[in-house]
Amino acid sequence: MNLEQGQTLYERLGGAETIRRLVEAFYPRVQRNPLLGPLFPENIDPVLEKQYMFLSQFFGGPSLYSDAHGHPMMRARHLPFPVTPERAEAWLACMGEALTEVGIEEPLRSFVLQRLSGPAMHFVNTPSSQE
Ligand code: HEM
């Protein structure tokens, strides 16, 4: 998939409005997911807001997250939580569904998921649980 010259992924996705709808579609799925839900607080609003800020800048939009919270250090911020490979896959699956819900079509949808899969795998800090 090609972005037009000089165009950011943020712009291609439709900017602030789409990122807002995306995080609002994403977190209910995260909360319902048996692997992910238990890691998150009951009041998801502050997490949703931080993710809105982070994804805005991650996709090339305004640096909302860094302006408010400083250096992202996202792997370090996930260290308190046991992120297994299965949880990374579940996170990406929820994001895939959220992208579909907000109307992001292929090939843009897969392009976004691919951009996020690097960080998701990088945040893994706990081996698969031995069942
Ligand atoms: C790989 C699987 C992942 C799991 C299991 C996971 C889980 C979590 C959890 C439990 C929190 C803390 C919620 C709280 O504040 O209590 C969190 C925060 C956050 N996550 Fe993830 N996450 C994952 C992947 C990602 C990815 C791929 C991104 C973005 C590329 C991301 C971005 C964020 C952001 C921006 C926050 C808020 C950080 C802050 O407190 O400032 N996460 N995540």
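Reader: In which loop is the place of Met73?
Author: This is a predicted model, in which local features need pLDDT of at least 70, side-chain atom pairs count only at pLDDT 80 or more, and totals for chains, interfaces and linings use all residues. Residues are numbered from 1 along each chain as its sequence is written. With helices (DSSP runs of H or I, at least four residues) and strands (E, at least two) numbered from the N terminus, Met73 lies in the loop between helix 4 (64-69) and helix 5.

Reader: What is the phi of Met73?
Author: Most residues other than glycine have a negative phi. Met73 is not a glycine, yet its phi is positive, at about 40°.

Reader: What is the omega of the peptide bond from Glu106 to Pro107?
Author: Pro107 is in the loop between helix 6 and helix 7. Its peptide bond from Glu106 is cis, with omega near 5°.

Reader: How many helices does the protein have?
Author: Along the sequence the pattern reads α-α-α-α-α-α-α. There are zero strands, and the number of helices is seven.

Reader: What radius of gyration does the protein have, next to that of a compact globule?
Author: The C-alpha trace spans about 50 × 30 × 25 Å along its principal axes. The radius of gyration is taken over C-alpha atoms, and the globule rule is 2.2 Å times the number of residues to the power 0.38. For 131 residues a compact globule would be near 14 Å, which agrees with the value for the protein, 15 Å.

Reader: Is helix 6 roughly parallel or roughly antiparallel to helix 7?
Author: Axes are lines fitted to C-alpha atoms, for helices over the stretch in contact, and angles run from 0 to 180 degrees between N-to-C directions. The axes of helix 6 and helix 7 come within 10 Å and cross at roughly 155°. Angles under 35 degrees count as roughly parallel, over 145 as roughly antiparallel, 65 to 115 as roughly perpendicular and the rest as oblique. Helix 6 and helix 7 are therefore roughly antiparallel.

Reader: How many charged residues are in the contact of helix 6 with helix 7?
Author: Residues are in contact if their C-beta atoms, placed from the backbone, lie within 7 Å. Ala, Val, Leu, Ile, Met, Phe, Trp, Tyr, Cys and Pro count as nonpolar, Asp, Glu, Lys and Arg as charged, and the others, Gly among them, as polar. The contact has 10 nonpolar residues, three polar ones and, as charged residues, one.

Reader: At what angle do the axes of helix 2 and helix 6 cross?
Author: Leu22, Ala25, Phe26, Arg29 and Val30 in helix 2 meet residues of helix 6, including Cys94 and Met95. The axes of helix 2 (residues 15-32) and helix 6 come within 8 Å and cross at roughly 140°.

Reader: How is helix 2 placed against helix 3, oblique or roughly antiparallel?
Author: Their axes come within 9 Å and cross at roughly 135°. That angle makes the relation of helix 2 to helix 3 oblique.

Reader: Which helix gives the largest share of the shell around the ligand?
Author: Of 22 residues around the ligand, Leu39, Phe54, Ala88, Trp91 and Ala120 come nearest. By class, the shell has 16 nonpolar, three polar and three charged residues. The largest share, five residues, comes from helix 3.

Terms used:
Near = placed C-beta within 6 Å. Contact = placed C-beta atoms within 7 Å.
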